[in-house]
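Visitor: I would like to learn how to read a protein model, one feature at a time. Could you guide me through this one?

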Amino acid sequence: MKVVYADNNATTRVAPEVVDAMLPYFTEYYGNPSSMHTFGGQVAKKMDVARQQVAELVGADPVEIVFTSCGTESDNAAIWGILRANPRKRHIVITRVEHPAVYNLGKYLAQSGYHVTEVGVDSNGMLNLDELSDAIREDTAIVSIMYANNETGVIFPIEEIGHIVKSKGSVLHTDAVQAVGKIPINLSKSTIDLLTLSGHKLHAPKGVGALFVRKGITFAPFIVGGHQEKNRRGGTENVPSIVGLGKACELAKNYMDKELTQVKHFRDKLEGEILEKAPDARLNGHKTHRLPNTTNLSFEFVEGEAILLLLNEKGICASSGSACTSGSLEPSHVLRAMGVPFTAVHGSVRLSLSRYNTIEDVHYIIEHLPPIIRRLREISPYGREMKMKEQASRVSAGI
Amino acid sequence: MWDYSEKVKEHFFHPRNVGEIENPDAVGEVGSLACGDALKLMLKLDRSGRIADVKFKTFGCGSAIASASALTEMVKGKTLDEAGKITDNDIAEYLDGLPEQKMHCSVMGREALEAAIANYQGVKIEKPVDEGTIVCKCFGVTDNKIAHEVREHKLTTIEQVTNFCKAGGGCGSCHPQIQAIIDEVWQKEKEKTIFEMARKPVKKLTNIQKVKLIQETIERDIRPTLQSDGGDIELIDIDGDRVMVSFRGSCVECPSSKVTLKSTVEAKLREFVTDTLIVEEVAS
């Protein structure tokens, strides 16, 4: 079956160059990097190279890179690491649109005796910076705010946020899982203290991630064990995947221009033509402060899971923030935080591209998505008349 | 990944009876855009009272569309009484099963059908005041509805309740209340069983005793209620457990007399005589 993969914010294809770089570390170079013998030592050297590659992509010093098992571990390590190192500070600040790795950790902390403040967003998904500033207190141990949103692609003004956090004397962590590899990041000139990145979002394999911890930040290890990663993360390193992550970061740096030009061009074409061909559709998220590869569209009066099922029949892989696909009965917390109207919140579709998508892929989706929406609208008991009525009653009620 | 049966997929990709009927005899609407799923069901009856045509429109996920499509196939050719006996489990079975988390889709089908039948019989679709109090604010589910689902499907956990009627699937703040309802239902059921066991063996009524008791109950508990609305009832015959009655006065024209037959006459007779009685309306 033909597959058009447009779900790259969920995961990406592992680059063939990455696979090639990894294979010898399963077969030939299987030593433990902590061993004293040369056989293990050569593996440690290769890990240093990978660390250098990761550091270069984000403008960090290699010593500031800690390898982890995934983005979620990095997020947990960052927040717990700061909380444990500052036991007297019991307050954290996050946003209402964080990825579950941070959002649900926030809920857990709130139930465990910590104080958690969630900062809201406007209808474009942009953060309210005054609200953020007011939220930071003297006992705020850490502020954790994502770099770019996984559902909408909206990019937060992280440096501006960093200045606010610094002026209030707190620490800034950012979940940059969706941003790293898609947009340029330079941590050498940045207010960010900790940054999370994940391998499988940038064409490295699943099961590997990294946490940037700025020199001078007091940080307690999340996984306590051996002396690996300079005592910042216990456990024998996942060497092949770390080598793969290094290679993927090197490739990402080389392909950055392509992300910002070709991928963005494809995304804009896809988004523009679908919005033109499908009536009663809207873009969720800020139009310009956005990742180059992501578009999140809502189709009113139809439901997202049904759209995905029909797209799936055509071999198109996408995501939705609808209740039926979120695993709960409520639609995406991100779209709800943005106040997406109830006529549209259940009918969202996220399309996320990568450098492996072709113009044929874009045409294929443009050809098949609008008829699917039409087909479902024919089944739906709701339509534009209902919206008109709703608006009329709101006007007459003076709302 | 979707764990749908082939039959669900078949009905989703090729839904039967989509559309609307002009001048329908009955319309049932449940759900809303805000809830994430909704179903509008329209029925047309033939002269003998059987469902001659049925159409639906659904806003919802794959299994919601498939459940509605299946329901329309199931009710075709049935009388409203026969159709009214279809349960959500029947709909799920017809589709070779639904994933646990999707059972509320079949519940929506049954509710739309109930609404349509009530609509035909002239009963207001607006729920009566004693419908209960809202427990789940996110999805507007009442305590009575939750208790009904718990009894009907023998549910024992909050998660199961959420699967069947969505209650508790939002913010989660009502979970303690849902648990309390589950506990209360099963506590009551337990007491009921103990009570019934204690009551047995029931002395079997002789035919003479049964006829007398039925007559007394009609005189004492049924006729006064009907007469207060300008109607009346006459006992025509009794054959085993079948009780044949005929309405008089304003009851003859009353569109809700069918409901009265079951909800008042039959219920009272079952309560005071024996719970196996079946009341039927016959021409006199």
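Guide: Let us begin with burial: a residue is buried if 20 or more other C-beta atoms, placed from the backbone, lie within 10 Å of its own, exposed if 12 or fewer do, and partly exposed in between. This is a predicted model, in which local features need pLDDT of at least 70 and side-chain atom pairs count only at pLDDT 80 or more, while totals for chains, interfaces and linings use all residues. Residues are numbered from 1 along each chain as its sequence is written, and chains are lettered from A and ligands numbered from 1 in the order in which they are written.

Visitor: How many residues of α5(B) are buried?

Guide: Helices (H or I, at least four residues) and strands (E, at least two) are DSSP runs, numbered from the N terminus. In α5(B), 15 of the 18 residues are buried, which leaves the helix mostly covered.

Visitor: What span should helix α5 of chain B have?

Guide: The expected span is 1.5 Å times one less than the number of residues. For residues 103-120 of chain B that gives 26 Å, and the end C-alpha atoms are 26 Å apart, so the two agree.

Visitor: Which domains does chain B have?

Guide: Domain bounds come from an automatic or database domain assignment, which for chain B gives domain 1 (6-120), domain 2 (129-199) and domain 3 (207-281). The C-alpha centres of domain 2 and domain 3 of chain B are 32 Å apart.

Visitor: What makes up the secondary structure of chain A?

Guide: Chain A has 13 helices and twelve strands, and 51% of its 399 residues count as buried.
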